[in-house]
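Hi everyone, thanks for making time.

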Amino acid sequence: MRKNRKYTPEFKIQCVKDALECKETLTEISRINEMPKRNIQRWIRDYQEHGEEYFYQEHRGSSRGCGKGNPYAALHTKKNLSDLERLELENLKLKIENERLKKGYMVKGVGANKEFVTFKDKNMK
């Protein structure tokens with residue numbers, strides 16, 4: 001079975017219809033198309049809950065717990081930040097630092113030389 005394979009919406013709908021109309025079993029469909037059976041099971045569930053339009057939408061992953069990712073992840077590499085973006089980035093950095101301090105560690109260094117140092121025995125005054 002191939003990993004990270006992309007399937008077209010038309011292909012997904014055809015597999016679902018074949019399975020629901022009992023033309024072929026899930027095992028046969030997965031074996032013929034060299035794909036995991038759980039993909040077809042998920043597509044059937046999505047088809048029954050949302051309909052055909054679901055496969056053409058750009059939401060990808062919202063029902064499986066995969067989010068859109070961190071919107072601030074690449075913000076620090078952007079050259080021209082607006083005032084709002086700069087403040088959001090600064091606020092995010094302060095929140096992360098605050099959480100680290102609550103857990104009793106801080107970060108020293110940058111990039112590959114980053115080091116997490118605990119300070120629970122040290123006096124913070």
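Before we start, one cut-off to keep in mind: a residue is called buried under 20% relative accessible area, exposed over 50%, and partly exposed in between. And please remember that what you see is a predicted model.

So, how many salt bridges does the structure hold? The count is five, and I'll talk about some of them.

Let's take Glu-52 and Lys-17. These two form a salt bridge, with 3.0 Å between the closest N and O atoms. This pair ties together distant parts of the chain: Lys-17 sits in helix α1, residues 9-20, while Glu-52 is in the loop between α3 (37-50) and α4 (83-103), and 35 residues separate them.

On to Glu-21, which makes a salt bridge with Lys-23; here the closest N and O atoms are 3.5 Å apart. Glu-21 is partly exposed at 48% relative accessibility, whereas Lys-23, at 55%, counts as exposed.

Last pair from me: Asp-83 and Arg-86, whose side chains meet in a salt bridge at 3.9 Å, N to O. Where are they relative to each other in helix α4? They are three residues apart, so about one helical turn lies between them. Asp-83 is exposed, with 55% relative accessible area, and Arg-86 is partly exposed at 41%.

That's it from me, happy to chat.

Key: Residues are numbered from 1 along each chain as its sequence is written. This is a predicted model: local features need pLDDT of at least 70, side-chain atom pairs count only at pLDDT 80 or more; totals for chains, interfaces and linings use all residues. Side-chain values use heavy atoms; hydrogens and water are left out. A salt bridge is a side-chain nitrogen of Lys or Arg within 4 Å of a carboxyl oxygen of Asp or Glu. Helices (H or I, at least four residues) and strands (E, at least two) are DSSP runs, numbered from the N terminus. Buried means under 20% relative accessible area, exposed over 50%, partly exposed in between (1.4 Å probe, protein chains only).
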